[in-house]
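I opened my notebook to go through this structure from the domain level down to single residues. Here is what I looked up, in the order I looked.

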Amino acid sequence: PTILYQDQFLSRDQGKVDMEDRGYQFGDGIYEAIRVYGGRLFLLDLHMKRLERSARELRLQLPYSIDHLTDNLRTLIAKNQIDDGLVYFQITRGAAPRQHLFPEETESVLTGSAISLSREDALRPDGIKASLIDDIRWLRCDIKTLNLLGNVLAKQKAHEQGSEEAILHRGDTVTEGSSCNVFIVKEGRLITHPADHFILNGITRLFVLDLAERLDIPVQERLFSTEELLSADEVFITSTGAEVKPVVQIGDQLIAGGRPGVIAGRLMDAFDKEVTRIRTA
Ligand code: PMP
């Protein structure tokens with residue numbers, strides 16, 4: 001595969017990271033993962049806006065303009081001959097002798113890759129099992145940083161309980177998944193955690209909120225409890241890779257009798273239509 005290193009396209013084995021890169025030593029960096037459908041970057045502008053916001057919040061300098069970066073990502077997709085796939089890229093604060101303070105004159109370091117991912121392999125229309133796991137992460141989960149240990153530990157714990165995803169809670173309040181946002185349905189209404197410092201404002205979350213509006217499905221962005229989660233009419237999660245994924249079991253508790261719900265179904269159909277439209281546009 002061809003990877004992106006700064007402004008260069010290299011083969012995977014030519015990619016080298018400095019051992020004093022701050023991304024490596026401190027997790028001092030940010031990233032984005034963008035879905036590719038039919039060779040095209042999906043919801044690109046929203047991802048780039050979020051990238052710029054993450055950079056601003058961490059006072060990290062983007063090494064290239066968004067236009068230039070976008071051109072390079074498109075080249076990366078072409079060089080790897082990606083039809084449906086995923087582009088990942090990250091930007092660190094660069095390499096400098098190890099100390100916590102920001103280095104004064106260090107160039108940010110960008111690396112990126114692109115992989116194929118078919119929707120058939122990524123989607124789970126029949127639903128998955130999830131586990132409720134304590135949210136032990138820091139208080140700026142709204143920034144898409146490379147620091148993912150809290151997420152990694154949660155997902156691993158869920159996996160060891162036979163679940164595919166961890167649904168995180170702070171006290172009684174459900175926040176999000178280890179790598180996705182969480183929605184519940186009560187009496188025909190969508191409920192999801194508001195976009196504050198406790199969750200990542202997922203691009204798929206935003207897209208699903210937009211689809212819900214188009215489908216006249218009422219939405220509440222508000223806190224909801226683990227009790228509301230477990231007694232919900234439907235539960236589903238959203239992410240770039242997996243789109244809308246029904247959750248039909250949480251721990252020992254079946255949700256909606258263990259079958260995907262009607263509202264999730266309508267959203268999955270609408271999502272599918274949009275992807276088809278984009279692939280053939
Ligand atoms: N929350 C977390 C913690 C995530 O890591 C992700 C990304 N995988 C999401 C939510 C979903 O965001 P997006 O829809 O932009 O992929």
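The entries below cover the domains, the sheet, the ligand shell, a hairpin and a few backbone angles.

**Entry 1: the domains**

I noted at the start that this is a predicted model. I then looked up the domain bounds, and the chain splits into domain 1 (2–117) and domain 2 (122–280). Their C-alpha centres are 26 Å apart. For the contact between them, I found 23 residues of domain 1 against 14 residues of domain 2.

Which elements give two or more residues to the side of domain 1 that touches domain 2? I got strand S3 (29–37), helix H2 (44–58) and strand S5 (85–92). S3 gives the most, with eight residues. By class, that side of domain 1 has eleven nonpolar, seven polar and five charged residues.

**Entry 2: the six-stranded sheet**

S3 and S5 came up again when I traced the sheet. Six strands make an open sheet, in the order S2-S1-S6-S5-S3-S4, with antiparallel pairing. Why is one side of S2 and of S4 left without a neighbour in the sheet? Strand S2 (8–11) and strand S4 (40–41) stand at the edges and each has a single partner strand, so one side of each has no neighbour there.

I followed S3 to both of its partners. With S5, S3 runs antiparallel and is joined by eight bridges. Along that pairing, tyrosine 31 is opposite glutamine 90 in S5, and valine 36 has glycine 85 of S5 as its bridge partner. With S4, S3 pairs in the antiparallel sense over two bridges, and tyrosine 37 has arginine 40 of S4 as its bridge partner. S3 and S4 form a hairpin with two residues between the strands, where glycine 38 has a positive phi near 55°.

I also checked burial along S3. Seven of its nine residues are buried, so S3 is largely enclosed by the rest of the structure.

**Entry 3: the ligand shell**

Next I turned to the ligand. There are 13 residues around it, and Leu200, Gly202, Ile203, Thr204 and Thr240 come nearest. The shell has three nonpolar, eight polar and two charged residues. Helix H6 (203–214) and strand S13 (234–239) each supply at least two residues of the shell. H6 has the largest share, three residues.

That sent me to H6 itself. The helix has twelve residues and reaches 17 Å from first C-alpha to last, close to the 16 Å expected at 1.5 Å a residue. Which residues of H6 are buried? I listed Ile203, Thr204, Arg205, Phe207, Val208 and Ala212. After H6 comes aspartate 216, with a positive phi near 60°.

**Entry 4**

Strand S10 (residues 181–186) and strand S11 (residues 189–192) run antiparallel and are joined by four bridges. Isoleucine 184 is opposite isoleucine 191 in S11. S11 also pairs with strand S12 (residues 219–221), here in the parallel sense over three bridges.

The S10 and S11 hairpin has two residues between its strands, and glutamate 187 in the turn has a positive phi of about 45°. Is glutamate 187 buried or exposed? Glutamate 187 is exposed, because 7 other C-beta atoms lie within 10 Å, where 12 or fewer counts as exposed.

As a reminder to myself, most residues other than glycine have a negative phi. That made me look for further exceptions.

Glutamine 6 is one of them, with a positive phi near 50°. Glutamine 6 is in the loop between strand S1 (2–5) and S2. With 14 C-beta neighbours inside 10 Å, glutamine 6 counts as partly exposed.

Glutamate 243 has a positive phi too, about 55°, and is not a glycine. Where is glutamate 243 placed? I found glutamate 243 in strand S14 (residues 243–250). Glutamate 243 counts as buried because it has 24 C-beta neighbours inside 10 Å, and 20 or more is the cut-off for buried.

Conventions. Residues numbered from 1 in each chain as written. Predicted model: local features only at pLDDT ≥ 70, side-chain atom pairs only at ≥ 80, totals over all residues. Near = placed C-beta within 6 Å. Nonpolar A, V, L, I, M, F, W, Y, C, P; charged D, E, K, R; others polar. Domains from an automatic or database assignment. Contact = placed C-beta atoms within 7 Å. Pairing = 2+ DSSP bridges. Expected span 1.5 Å × (residues − 1).
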